[in-house]
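Colleague: I am still learning how to read a protein model, and I would like to go through one slowly with you. Could you show it to me, so that I can ask about its features in turn?

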Amino acid sequence: MQTELYFSEVVYDHWSFYILANNNGLIFVGSSPKNKEELEGWVSRLPFKTTLARDDQKLFLYIQQFEEYLSKKRENFTFPVELIGTPFQIMVWKALLGIPYGQTVTYSDIAATLNKGATHSRAVGTAIGKNPLQIVYPCHRVGPKNGAPRGFRGGLPMKMDLLELEGNK
């Protein structure tokens, strides 16, 4: 049996990225500027068979909420999501939702939130780097203790743009 996946593009101002959903919710947010190969590569690593179809209408709610976020009219997302990852990754990604809009934390802060020691900071960072729902699960708000921005799947320019959008330069 194959799982139906639907994709579309979010294009707003200088932003352009692909999004992907199944019948349960959003499962992937791509990097800006858009790169369909990134989406296709992620889909190819899924542990189940898929069919992929563009469906702008089916993804309208997601596109609308991203446009609201990118225009500073929304700070959180209310659409359904489905996280695809290991139990540890999902636990880390859910912890990202606790970071307030416009604020940043460190990898060790996230580890502490999960009742893990500082030695887990690297594992937390690795899990964050595999976050398929960047922006929605705000991994751009996490950085190293020294404060230098790094480690973002969408690339440093996208991370810096997101932090600036949220008022945190």
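This is a predicted model: local features need pLDDT of at least 70, side-chain atom pairs count only at pLDDT 80 or more; totals for chains, interfaces and linings use all residues.

Colleague: Which helices and strands make up the protein, and in what order do they run?

Modeller: There are six helices and six strands, and from the N terminus on they follow the order β-β-β-α-β-α-α-β-α-α-β-α. The radius of gyration is 16 Å, close to the 15 Å that the globule rule gives for 169 residues, so the protein is as compact as a globular protein of that length.

Colleague: How do I decide whether S121 and L163 are buried or exposed?

Modeller: A residue counts as buried when its relative accessible area is under 20%. S121, which lies in helix α5, has 18% relative accessibility and therefore counts as buried. Leaving aside residues up to four places away in sequence, S121 touches Y107, S108 and A111. L163, in helix α6, counts as buried because its relative accessibility is 7%.

Colleague: How many salt bridges are there, if one requires a side-chain nitrogen of Lys or Arg within 4 Å of a carboxyl oxygen of Asp or Glu?

Modeller: By this rule the count comes to seven. One of them joins R54 and E9, whose closest N and O atoms are 2.8 Å apart. This pair links distant parts of the chain, since R54 belongs to strand β4 and E9 to strand β1, 45 residues apart. At 42% relative accessibility R54 counts as partly exposed, whereas E9, at 15%, counts as buried. Both residues also belong to a network of salt bridges that links E9, K34, R54 and D56.

Colleague: Why are K36 and E40 separated by about one helical turn?

Modeller: They are four residues apart in helix α1, which means that about one helical turn separates them.

Colleague: Which residue forms a salt bridge with E38?

Modeller: The partner of E38 is R153, with the closest N and O atoms 2.7 Å apart. Here too the pair links distant parts of the chain, for E38 is in helix α1 and R153 is in the loop between β6 and α6, 115 residues apart. R153 counts as partly exposed, at 27% relative accessibility.

Technical notes
Residues are numbered from 1 along each chain as its sequence is written. Side-chain values use heavy atoms; hydrogens and water are left out. Helices (H or I, at least four residues) and strands (E, at least two) are DSSP runs, numbered from the N terminus. Buried means under 20% relative accessible area, exposed over 50%, partly exposed in between (1.4 Å probe, protein chains only). Contact means heavy atoms within 4.5 Å. The radius of gyration is taken over C-alpha atoms; the globule rule is 2.2 Å times the number of residues to the power 0.38.
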